[in-house]
Amino acid sequence: MTQSASELTEPPTREGGYDPRHNQGLFAVEDRHFWFRGRNRIVAAMAAKYTSQLPAGFYVLEVGCGNGSVTRVLQDTCATGNVIGADLYFEGLANARSRGVKMLVQADMSRFPLGSGFSLAGIFDVLEHLPDDRGALQCIHNALSPGGRLLVSVPAHQSLWSYFDEAACHCRRYELEGLRSKCIDAGFEVEYATEFMSFLYPLMKTQRRWKDLMRKKTGKNANEAAKEDLSINPLLNAALDCVGRAETLLIRRGVRLPFGTSIFLVARKPSL
């Protein structure tokens, strides 16, 4: 039996899942933290690129919308379309509603109630939580119209695995070629893929290894250590936000960055 590239390079799947108790902590920082702001700028730029020429009334789906931080960005960017946020957990949907997200549905993608017909679908930092990420990609493929596009972001590089991934209930981090292969296996054509948050790569590699060592010495649990990473230092946060803006300009122009702590991918469902 032959193996795909993703099977040859993929680490063992961990239990994964998601703890909805994290929603409130994330809700408190998402609008201000440079990381969320940077990802949202990239999502807005790419969503605008692929929907600006669509006739009014098109449909956009965000899978695993959580607190609605990205859904609100999609809603603003795709103003002539209909943006629907779907999530399994009510806690996030309530926060998304308070952010002004208009169309929300509580749903499991494996039993998705809205059928097909979406022109754009996004799944942002959700695949890594799912033991069956291949199945999720196939479900999204089924929800898209022919010619529709998928936007994906995931954490990059299993070598960066740390306490943060444990606390977040991740199953894995991804290599770019492994993610590309999984999308192709689900029936997509990959149009663009890049790593991003490149300016964080050396910082994260050093800081998280050091904190893992200190955590083992002090007995601090993964959740405590991860919470510290979401704290906001105003000066550092502002500086990293500025660097992130420059990175977004490169990605908007189609530049593929050589390294980073996350991956952003655009794929297309072939036309009939």
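1. Helix H3 (residues 34-51) has 18 residues, which at 1.5 Å a residue should span 26 Å; its end C-alpha atoms are 26 Å apart, in agreement. Of the 18 residues of H3, 14 are buried, so the helix is largely enclosed by the rest of the structure. Buried denotes under 20% relative accessible area, exposed over 50%, and partly exposed in between (1.4 Å probe, protein chains only).

2. The model is predicted: local features need pLDDT of at least 70, side-chain atom pairs count only at pLDDT 80 or more, and totals for chains, interfaces and linings use all residues. Residues are numbered from 1 along each chain as its sequence is written, and side-chain values use heavy atoms, without hydrogens and water.

3. The protein chain averages a pLDDT (the predictor's confidence in each residue, from 0 to 100) of 90, and 90% of the residues score at least 70. Over residues 1-9 pLDDT stays under 50. Where pLDDT is low, the predicted coordinates should not be read in detail.

4. In helix H5 (residues 90-98), Gly92, Leu93, Asn95 and Ala96 are buried. These buried residues fall within an arc of 160° seen down the axis (directions from the helix axis to the C-beta atoms), so they line one face of H5. Phe90 and Ser98, on the other side of H5, are exposed. Just after H5, glycine 100 takes a positive phi of about 95°.

Methods: Contact means heavy atoms within 4.5 Å. Helices (H or I, at least four residues) and strands (E, at least two) are DSSP runs, numbered from the N terminus. The expected span of a helix is 1.5 Å times one less than its number of residues.
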